[in-house]
Amino acid sequence: MDEKLPEMAAVPSEEAVIAERERLQYQKKYRQTLRTTIYALVVVAAAAVLVATLFIPVLQVSGSSMEPTLSDGDVIVLFKSGEFETGDLVGFYYQNKLLLKRVIAGPGDFVDIDDEGNVYVNDVLLDEPYVTDKSFGESDRDYPYQVPDGRYFVMGDNRTTSIDSRSSAIGCIETEQIVGKVVLRVWPLRRLTYMNEGGM
């Protein structure tokens with residue numbers, strides 16, 4: 001009775017061994033590169049979030065209180081700063097909401113608003129080219145009004161509808177409430193604008 005001998009596996013050629021070794025080395029390099037790239041992307045994303053949170057917050061405008069300067073849906077960039085001047089656009093927290101308004105007067109300044117909506121700071125009429133419809137608006141203050149120490153008097157550019165420092169409901173805002181100064185509108189792209197003093 002003939003016994004069958006086990007089949008012998010074919011011995012790969014030297015070229016096949018080299019090719020397989022190169023394939024395995026390529027796979028190892030690919031995995032290392034992929035892992036390094038993922039780590040780098042995670043670090044970059046984390047750094048971007050940290051920078052955006054701490055230094056340059058990016059926000060989307062909601063509402064019409066800053067029209068025509070800023071419209072509902074605009075995306076803006078704020079820069080964290082501790083110094084604010086008349087005409088600066090600022091974002092600040094009020095009852096867990098972020099509001100956008102324009103700085104009208106600083107600590108110790110006297111604000112006066114006449115029946116036509118003209119605004120005076122320290123008896124000087126403000127030049128406000130960013131306001132299209134002046135209005136006395138919703139106000140329960142006696143004028144002239146002195147801004148308390150450590151606070152800013154702010155108003156929206158849409159004077160008819162904006163609820164701002166003219167109303168004691170919001171009042172003058174503290175420096176600590178301010179997130180930053182609006183420096184750039186990035187969306188929509190057709191309205192990409194550097195928001196310098198005066199919002200223009």
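A residue counts as partly exposed when its relative accessible area falls between the buried limit of under 20% and the exposed limit of over 50%. Q146 has a relative accessible area of 42%, so Q146 is partly exposed. The model examined here is predicted.

Q146 is found in strand 8, which covers residues 145–146. Beyond residues up to four places away in sequence, Q146 touches G108, D109 and F110. With G108 there is also a polar approach: a polar atom of the Q146 side chain lies 3.2 Å from the backbone oxygen of G108.

The overall layout of the protein chain was examined next. The chain has one helix and 12 strands. In sequence order, the pattern is α-β-β-β-β-β-β-β-β-β-β-β-β. Of the 200 residues in the protein chain, 34% are buried. Among contacts with a separation of 6 or more, 60% come from residues 24 or more positions apart.

Aromatic pairs were then considered. A search of the whole structure finds three of them. One of these is formed by F84 and Y152, and its geometry is edge-to-face. The centres are 5.7 Å apart, with 85° between the planes. This pair links distant parts of the chain, as its members are 68 residues apart. F84 sits in the loop between strand 2 (75–79) and strand 3 (89–94), whereas Y152 belongs to strand 9. Both F84 and Y152 are buried. F136 and Y143 also form an edge-to-face pair, because their ring centres lie 6.0 Å apart and their planes meet at 80°. Y143, at 19%, is buried.

Arginine side chains also lie over aromatic rings. R102 is placed over the face of Y130, at 3.6 Å from the ring centre. R141 is placed over the face of Y145, at 4.3 Å from the ring centre.

N158 lies in a loop that runs between strand 9 (151–155) and strand 10 (173–174). The relative accessibility of N158 is 19%, so N158 counts as buried. The cut-off for that class is under 20%. A polar contact of 3.2 Å joins the side chain of N158 to that of T161. With neighbours within four places in sequence left aside, N158 is in contact with S64, S65, M66 and E67.

E67 leads on to the backbone geometry. The peptide bond from E67 to P68 is cis, with omega near 5°. P68 is placed in the loop between strand 1 (58–60) and strand 2. A cis peptide bond also joins W187 and P188, where omega is about 0°. P188 lies in the loop between strand 11 (178–187) and strand 12 (193–194).

N122 is not a glycine, yet its phi is positive, at about 55°. N122 lies in the loop between strand 6 (119–121) and strand 7 (124–125). The relative accessible area of N122 is 38%, so N122 is partly exposed. D123 is likewise a residue other than glycine with a positive phi, near 70°. D123 lies in the loop between strand 6 and strand 7. At 74% relative accessibility, D123 counts as exposed, because the limit for that class is over 50%.

Methods:
Residues are numbered from 1 along each chain as its sequence is written. Side-chain values use heavy atoms; hydrogens and water are left out. Helices (H or I, at least four residues) and strands (E, at least two) are DSSP runs, numbered from the N terminus. Buried means under 20% relative accessible area, exposed over 50%, partly exposed in between (1.4 Å probe, protein chains only). A polar contact is a pair of N or O atoms within 3.5 Å; within protein, one must be able to donate a hydrogen and the other to accept it, and residues adjacent in sequence count only if both atoms are side-chain atoms. Contact means heavy atoms within 4.5 Å. Rings of Phe, Tyr and Trp (its six-membered ring) pair if their centres lie within 6.5 Å; planes under 30 degrees apart count as stacked, over 60 as edge-to-face and the rest as tilted. A charge sits over a ring if NZ of Lys or CZ of Arg is within 6 Å of the ring centre and within 35 degrees of the ring normal.
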